[in-house]
Amino acid sequence: MCHSAALLALCVACVACASQATEPALFRGEVLGFGGGPERYSSWFADERDGVIYFGLSPFWTELRAHGGDPTADLLEPSAHLIGRFEVERERFLPPLLARRPGPDSRSSVWDVLAHPNGWIYYTTYFEEMGRVRPGMGDVEHFDSLGTGLNEIALGPDGSLYVTRYGGGIEGKRTSGDGSVVVISPNGALLREVSLHARDGAVTAPKSIAVDPKSGEVWLNADVIAPDGKVSFSAFHLGPNLNVIAHSDAPPELMFVSFDRAGRGFFVEDRDGRVELRVTRAGAELARLDLGERVPMDFAQDVHFAADGTAAIAFWSGRVELVREASGTYEHARVNLVRPAECASPQQNAVFYSAFVEARAVYATLYCDAAIARAPLPDGFRSTR
């Protein structure tokens, strides 16, 4: 093990690595807590900019499992707010970005990140602050006035940020009160916030959010939590002013939605146990693709777009669905990422979160220490650049 007298220890190993991106590989580092503390950080949601993958580092799931399913176990130890970095071209980890040092007021960890075109990396911690870090400059800003509960982030059409507030508050170990959609300016000022309510007698907890860059309309999914703890799903369609245009608790289940810069919406849905992708623009359906069976305990967790428009739809299981448009026809292929045995054990049960398409390979974050998995692209999807 390697050690650091400073904030953390970062040990980098490459498991089953190959020198060419045409072979599967796993790049894995160990990130430990302050002073070699007990917490062990792993990769979460990620975003990519200029050849660098930025990802949240968190011990959330590890601590939850170690403490009998307690979702607040991440708060038991002082915790740094860290953003991992992986340089794709050289296939190496860079030193993590430090958003906050551990201490009495820093016990949560980084959940979602967004690599904004303005050069900042925005992040959420859910239990504590949202903020931003500027790589290479050492600048850090905390948006403490926004409050807690902030979860996933999407870029708005004017550079603003749309963020889901998963719950209105925490009572004991449960979310209490409906969550909301929050819109903030790039410098962290609250522009507007609208609470969402799916049905009486249950708490609405918004999760993943997407904004049409052309119309400003918003789509999101939500957990609906009954008093007995049972969770069902809901989906909302909001107008540019966050007025509710439509809301549905009925199938299909919206697992994830994202928009590319051209305004194409990619809606990943569970329709009677099969994964279906609807591609839209300005409300018109461009394509509908059957992506195959949804296996039990799997979920479409993220969608990212390559420079050529190829969408990478990442599932917890390591299944990545690649979708692109060629000469007016949408085609897709599947890549299966593999977890090492210790990451796939029932105790660890590590899942994949975000995937990115490069010229010859797919890279994805894996919650099993600071881990990035690589798999070759199918021949027809490889770029010649």
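**Figure 1. The hairpin of β23 and β24 in the predicted model**. In the hairpin of β23 and β24, alanine 282 takes a positive phi near 50 degrees, and 2 residues lie between the strands. Strand β23 covers residues 274-281 and strand β24 covers residues 284-293. The two strands run antiparallel and are joined by 8 bridges.

**Figure 2. The hairpin of β15 and β16**. Strand β15 (residues 180-184) and strand β16 (residues 190-195) run antiparallel, with 5 bridges joining them. Isoleucine 184 has leucine 190 in β16 as its bridge partner. Between the two strands of this hairpin there are 5 residues. Glycine 188, in the turn, has a positive phi of about 90 degrees.

**Figure 3. The cis peptide bond between proline 251 and proline 252**. Most peptide bonds are trans. The bond from proline 251 to proline 252 is cis, and its omega is near 0 degrees. Proline 252 has its place in the loop between β20 (244-248) and β21 (253-259).

**Figure 4. Methionine 297 in the loop between β24 and β25**. Most residues other than glycine have a negative phi. Methionine 297, a residue other than glycine, has a positive phi near 65 degrees. The loop that holds methionine 297 lies between β24 and β25, the latter covering residues 300-305. Is methionine 297 buried or exposed? Its relative accessibility is 77%, and because the cut-off for exposed is over 50%, methionine 297 counts as exposed.

**Figure 5. Serine 327 in the loop between β27 and β28**. Although serine 327 is not a glycine, its phi is positive, at about 55 degrees. The loop containing serine 327 lies between β27 (319-326) and β28 (329-336). With a relative accessibility of 80%, serine 327 counts as exposed.

**Figure 6. The whole protein, as a setting for the close-up views.** The protein has 2 helices and 31 strands. Its C-alpha trace spans about 55 × 50 × 40 Å along the principal axes. For 385 residues, a compact globule would have a radius of gyration near 21 Å, and the value of 20 Å for the protein agrees with this. Of the 385 residues, 57% are buried. The accessible surface comes to about 16000 Å², and 51% of it belongs to carbon and sulfur atoms. There are 36 positive and 50 negative side chains, and the centres of these two sets lie 3 Å apart.

Notes. Residues are numbered from 1 along each chain as its sequence is written. This is a predicted model: local features need pLDDT of at least 70, side-chain atom pairs count only at pLDDT 80 or more; totals for chains, interfaces and linings use all residues. Side-chain values use heavy atoms; hydrogens and water are left out. Helices (H or I, at least four residues) and strands (E, at least two) are DSSP runs, numbered from the N terminus. The radius of gyration is taken over C-alpha atoms; the globule rule is 2.2 Å times the number of residues to the power 0.38. Buried means under 20% relative accessible area, exposed over 50%, partly exposed in between (1.4 Å probe, protein chains only). Accessible areas come from the Shrake-Rupley method with a 1.4 Å probe; for residues, only the protein chains shown count as cover. Lys and Arg count as positive and Asp and Glu as negative; His and the chain ends are not counted. The place of a charge is taken as NZ of Lys, CZ of Arg, CG of Asp or CD of Glu. Two strands pair if DSSP finds at least two bridges between them.
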